[in-house]
Amino acid sequence: MRAVHQVAEAVDVDLPGNRTVRIQRDAARVNELAESGFDGLGYKVFENDLCREAWPILRGMLREGRLPRIALKWCQERGLPFWVHPDDMALLRSSPVARDEILVDVLMRALKSFRRKALVEGGWNPDYKGGRGASCLTTYFVGQCIWEFRRVYTTWAKNRQRWAEVHALYDGAEETVRENPRLFGRLLAAGSVSETEAAVLSTNFADILAEQPAVTRAVISLTIEGYNDTDIADELNITHAAVRMRKTRFRKALYDAARERRIWIPEQLHTKVGARRRTRRGAA
């Protein structure tokens, strides 16, 4: 129960006002949202408010190392295998980019499970009497984010390892890839995405992705994990057109970076549209 108390204490410190008042306010809002089945525009506004309150709390807990430690403790109590590499722990504590990268995925997954567990199934109880009493919705949501951290971190760490293995072989020169088809294949496989999205053969990929809006980062991260457009749209609760638009904008950012010589995109990975244009220009 100590880990649960740590979550409540972290939220109570960062949120203004009296905890009892917050719980009463949350109970009234849940009753209001229940009338629309926890769906629609009103619920979207509620989700945005929830994320806005939870985001700085979660970032602080990652920076201090508390979030991974609580996640490890919860998994240990339930007999779930989980381990955070010390290098990853140090990176999450030192790098705002790494924290934001992993928290986008954590939030997206937690929003889905929070709606089902806390609201639809009634897991959040404003009249709870055990332990230190009831918690506000933000506390419950932060706890759900910590629970989702295990799965998100595991995927994030595996992706980092694959990129590290590839870049250990790649010296940044075009000739290296052209003369080593096997390495070229590994570069594509490391991203687990379509050819255009996998067209970044430089560690600057993370920097370029970090410059994008949160929703774009979420779309690209889920793409890297192997989700198709339908799954991504369902996971983020956006339209298929929005998914395609985010990918198109990110692709443009990649090509802009290539023109600025921040990255190199091999000729083989250029879009077919671009290839047809070049052919027509040559024919003319």
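Visitor: Why are H11 and H12 called oblique to each other?
Guide: The axes of helix H11 (residues 214-224) and helix H12 (residues 229-236) cross at roughly 135° and come within 10 Å. Angles under 35 degrees count as roughly parallel, over 145 as roughly antiparallel, 65 to 115 as roughly perpendicular and the rest as oblique; H11 and H12 are therefore oblique. This is a predicted model, in which local features need pLDDT of at least 70 and side-chain atom pairs pLDDT 80 or more, while totals for chains, interfaces and linings use all residues. Residues are numbered from 1 along each chain as its sequence is written, and side-chain values use heavy atoms, without hydrogens and water.

Visitor: What makes H11 and H13 roughly perpendicular to each other?
Guide: The axes of H11 and helix H13 (residues 240-259) cross at roughly 95°, and H11 and H13 are therefore roughly perpendicular.

Visitor: Which residues of H11 meet H13?
Guide: Val215, Thr216, Val219, Ile220 and Thr223 in H11 meet Val243, Arg246, Lys247 and Phe250 in H13 (contact means heavy atoms within 4.5 Å).

Visitor: How do you know that Cys145 is in no disulfide?
Guide: A disulfide is a pair of cysteine sulfur atoms within 2.5 Å. The cysteine sulfur nearest to that of Cys145 belongs to Cys51 and is 7.3 Å away, so Cys145 is in no disulfide. The search of the whole structure finds zero disulfides.

Visitor: Why does Cys145 count as buried?
Guide: Cys145 has 1% relative accessibility and therefore counts as buried (under 20% relative accessible area; exposed is over 50%, partly exposed in between, with a 1.4 Å probe and protein chains only). Cys75, at 1%, also counts as buried.

Technical notes: Axes are lines fitted to C-alpha atoms, for helices over the stretch in contact, and angles run from 0 to 180 degrees between N-to-C directions. Helices (H or I, at least four residues) and strands (E, at least two) are DSSP runs, numbered from the N terminus.
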